[in-house]
Amino acid sequence: MAEVSTMQAVSFGVLVALYLSLNSSLNLLNKWSLGVYGFRFPFLLTSCHMAFSFMVLAPLAMREPWEVHRATLQKQWKGVVYIGAFMALNIALNNISLLDISLTLNQIIRSAIPVVTCVLAILVESRFPSRQELVALVTLTLGVMLAVWQGTVTGKPYAIAFCLVGTVCNGAMMTFSGKLLSEKLDVVRLTFYTAPISLLCLAPFYWTYERAAFMAYWPSHINGAAFIILVSSVNAVCYNLVHSLMIKKTSAVTTTVLGEVKIVGLLVLSAMLLGEGKEFTLKMTVGCGLAMSGFALYSHTKIIKFREGLQPRVISLSAAGGSAADMQPLKGDGGLLHRATSTPSSLTDKP
């Protein structure tokens with residue numbers, strides 16, 4: 001039993017490390033591509049990610065007979081459409097909002113994703129958090145908001161509204177993913193089913209905002225653009241699979257909590273390794289401290305729940321209510337648990 005628990009802990013640690021590393025590498029690659037290199041076509045880039053995921057996963061998904069896919073889609077098609085549409089809307093609305101909103105305000109609003117996901121989990125999955133979990137999520141969110149605050153929070157009303165709606169869409173995508181994955185839908189088929197939906201939803205945004213500019217950009221940047229699309233697509237498909245697996249193994253709320261901790265970790269590492277300690281103000285220090293306190297409290301509540309789930313259930317007998325002979329038969333995995341008699345010898349008559 002101890003060896004199994006150790007293996008589970010190691011595998012979960014590897015999964016968390018993969019999730020954080022792939023998340024960070026994808027964000028850094030996208031930031032470099034869209035900002036530094038000048039490939040300013042986020043809708044096209046994300047559409048390529050979705051198309052690549054569908055093509056790569058098709059051979060794996062289609063090993064199952066078509067009848068299996070048809071039965072799954074007949075039962076889960078609403079959830080698949082919701083996840084694909086919410087994913088596309090989250091990306092599209094967030095990218096549009098960045099046109100007329102400061103990055104600081106954008107990050108502050110999106111720091112509320114764990115709380116939004118928690119509320120949606122109550123509405124969609126009827127998962128009610130404990131008081132300790134709620135306090136931990138609010139503390140974590142406030143801490144991240146303080147940590148990313150850079151003093152400039154300007155934004156046009158429409159951009160702020162788009163960012164808010166995009167944040168809700170992100171939480172909804174996470175929540176519906178958790179619901180479908182908890183119903184035995186594997187991560188490969190989930191990504192395979194939702195990719196075309198997201199691609200279809202993103203196509204109008206690309207056609208409206210980026211098509212003409214990309215047609216002029218492509219002839220003089222073929223090699224660089226192809227490299228960016230290919231490398232980021234490979235990173236994206238790996239991240240999408242690990243992200244879905246994280247939700248399946250934990251929950252949508254826990255996955256968003258890890259994402260918030262990643263933000264704080266990157267701030268601290270940049271201060272320690274990149275010489276940005278002078279920019280680390282008292283406000284940012286307090287924010288990081290609050291965020292880590294919230295994460296510690298949330299982790300503590302999850303560990304307690306995990307240990308409680310491992311404890312064997314004990315049936316207590318009340319002397320006032322009668323002896324063991326008065327108990328009704330209990331159904332077990334192998335049938336009925338026979339009624340015990342009041343004589344001690346009956347317990348030793350049979351092996």
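K156 and D100 form a salt bridge, with their closest N and O atoms 3.7 Å apart. By salt bridge I mean a side-chain nitrogen of Lys or Arg within 4 Å of a carboxyl oxygen of Asp or Glu. K156 sits in the loop between α6 (131-148) and α7 (157-182), and D100 in the loop between α3 and α4 (103-110), so this pair ties together parts that are 56 residues apart in sequence. Helices here are DSSP runs of H or I, at least four residues, numbered from the N terminus.

A word on the basis. This is a predicted model: local features need pLDDT of at least 70, side-chain atom pairs count only at pLDDT 80 or more, and totals for chains, interfaces and linings use all residues. Residues are numbered from 1 along each chain as its sequence is written, and side-chain values use heavy atoms, leaving out hydrogens and water.

Now accessibility. K156 is partly exposed at 46% relative accessibility. D100 is partly exposed too, at 26%. The cut-offs: buried is under 20% relative accessible area, exposed is over 50%, partly exposed is in between, with a 1.4 Å probe and protein chains only.

How many salt bridges does this rule give? Three.

Next pair: E67 and R70, at 2.6 Å, N to O. Both lie in helix α3 (residues 66-97), three residues apart, about one turn of the helix. E67 is partly exposed at 46%. R70 is partly exposed at 39%.

Last pair: R189 and D186, at 2.7 Å, N to O. Is R189 buried or exposed? Buried, at 13% relative accessibility. D186 is partly exposed, at 30%.

Methods:
Helix = DSSP H or I, 4+ residues; strand = E, 2+ residues; numbered from the N terminus.
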